[in-house]
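Subject: The structure we talked about

Hi there,

Here is the structure I promised to pass on.

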Amino acid sequence: MHFIDLKAQYERIRDPLNARIQKVLEHGQYVLGPETVELERRLAEFVGAKHCIAASSGTDTLLIAMMALDIGAGDEVITSPFTFIATGEMIALAGAKPVFVDIDRRTYNIDPAKIEEAITPKTKAIMPVSLYGQCADFDAINAVARKHRLPVIEDAAQSFGAYYKGKASCAVSEIGSTSFFPSKPLGAYGDGGALFTNDDQLAKLMAEIRVHGQDRRYHHPRLGINGRLDTLQAAILLAKMDIFEEEIAARARIGARYSAMISDAFNNVSDERQQVTTPVIAADCTSVYAQYTVEVADRPKVEQQMKSRGIPTAVHYPVPLHLQPVFADLEQGKGSFPMSEAAAERVISLPMHPYLTEEQQHSVVKALKESVLAK
Ligand SMILES: Cc1ncc(COP(=O)(O)O)c(C=O)c1O
């Protein structure tokens, strides 16, 4: 069994995908070619945002967004410590200080009630992460941000295709930033990412920063990076967009089925240490289940037991950012963010992709039960 089965998807779209790739090889505009422009139009329409800027990765998009907002030395950006390293890393690389705010223990996303106390005169933006495929609570986050006149950048690397109260992820704040890393809900066959905004000026700045801060050929009013998207990746993403809505529906179905199967399997288990917590999807929200992540009391045992039964698992993420050696100078030791630390100790992700069959899910849940109950 695969943790993510990209081959099943490839087999489904082989012919149109190969045709799209062939077309790029024939026209030869390999970087920011016509497919990139077509993809930007298609993605903007999908998300319901005025502008889309396709870029080289979901890491570079975070940096580009902050550069466009002029965030740098002496500034602070509020984010969650329970995320992939890129979120905090890009804040620091932009020259600013990541200011962590603990998560809501149920959704794993930043706790909006704790944001205001972290705001200082140096705060320049709030960067919530929409973890595991579900948007953070943007109504509450945007309300705090508006009060303090702060822009909000959604790190939507894991949530592309999800909806928050009827709005698509990436269209719920000033800037949405996503990733097309191969294992993401919408994945390329290499690195890729995209930025979304309704703000004309920000869109112009981000597009320029993506190409070395250039406003016209070889003229550079500001610093930028090489943050462009390859045309081949755009062509691949266009082919995948044709089946994306169906895949989103399949993800929702498979996620819900896992939760029902797990509740069923552990229904008559009374020992609290042998319980499994399934994901909580907030009201009026959907998840694309970039990861289907549960919590167990004794994770090392469950990991080892699952492995011995041939079921791949992963941990997203074992160490919260404030405890990463690279952020030691922030001097926020163990105990600083108890919700994130507790989650980091207990979470474990199960195989998840739109082509997982009911039978395969039964095998995973059977193995999970045996693993949790094992001595
Ligand atoms: C929450 C989060 N932010 C940022 C990134 C970075 O995206 P990329 O790998 O495309 O650079 C990822 C990807 O793993 C992610 O999960």
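Arginine 309 and glutamate 370 are joined through their side chains by a salt bridge, 2.8 Å from N to O (a salt bridge being a side-chain nitrogen of Lys or Arg within 4 Å of a carboxyl oxygen of Asp or Glu). Arginine 309 sits in the loop between α8 (299-308) and α9 (338-346) and glutamate 370 in helix α10, so this pair ties together parts that are 61 residues apart in sequence. Helices here are DSSP runs of H or I with at least four residues, strands are runs of E with at least two, and both are numbered from the N terminus. Arginine 309 is partly exposed at a relative accessible area of 33%, and glutamate 370 is partly exposed at 33% as well. For these words, buried means under 20% relative accessible area, exposed means over 50%, and partly exposed is in between, with a 1.4 Å probe and protein chains only.

Before I go on, please note that this is a predicted model, in which local features need pLDDT of at least 70 and side-chain atom pairs count only at pLDDT 80 or more, while totals for chains, interfaces and linings use all residues. Residues are numbered from 1 along each chain as its sequence is written, and side-chain values use heavy atoms, with hydrogens and water left out.

Back to the charged pairs. The count of salt bridges comes to 17. One of them joins lysine 124 and aspartate 75, at 3.0 Å from N to O. Lysine 124 is in strand β4 (residues 123-127) and aspartate 75 in the loop between α3 and β2 (76-79), so the pair links distant parts of the chain, 49 residues apart. Aspartate 75 counts as buried at 11% relative accessibility, whereas lysine 124 is partly exposed at 35%.

Arginine 257 is partly exposed at 22% relative accessibility, and glutamate 358 is partly exposed at 42%.

Which charged residue is buried yet has no salt bridge? That is lysine 240, and the nearest side chain of opposite charge, glutamate 247, is 6.9 Å away (Lys and Arg count as positive, Asp and Glu as negative, and His and the chain ends are not counted). Lysine 240 belongs to helix α7 (residues 231-265). Apart from neighbours within four places in sequence, its contacts (heavy atoms within 4.5 Å) are Gln9, Ile13, Leu186, Gly187, Ala188 and Tyr189.

Arginine 210 is in helix α6 (residues 200-210) and is buried, with a relative accessible area of 10%. Its C-alpha atom is separated by 5.9 Å from that of arginine 228, 18 residues apart along the chain. Among the residues arginine 210 touches, leaving out those up to four places away in sequence, are Leu32, Glu40, Ile53 and Arg228.

Now the backbone. Most residues other than glycine have a negative phi, and most peptide bonds are trans. The peptide bond from histidine 316 to tyrosine 317 is cis, with omega near 10 degrees, and tyrosine 317 lies in the loop between α8 and α9. Tyrosine 108 has a positive phi of about 75 degrees; this residue is in the loop between β3 (97-100) and β4 and is buried at 5% relative accessibility. Tyrosine 218 also has a positive phi, of about 60 degrees, but is exposed, with a relative accessible area of 65%, in the loop between α6 and α7.

Finally, the largest pocket has a volume of about 400 Å³. A pocket is an open set of points on a 1 Å grid over the protein atoms alone, where a 1.4 Å probe fits, with protein on both sides within 12 Å along at least five of seven lines; lining residues have an atom within 4 Å of a point. The volume is the space filled by probe spheres set on the points, which are joined across faces, edges and corners. The lining has 23 residues, with Phe84, Ala157, Ser179, Phe181 and Lys184 nearest the centre of the pocket.

Happy browsing!
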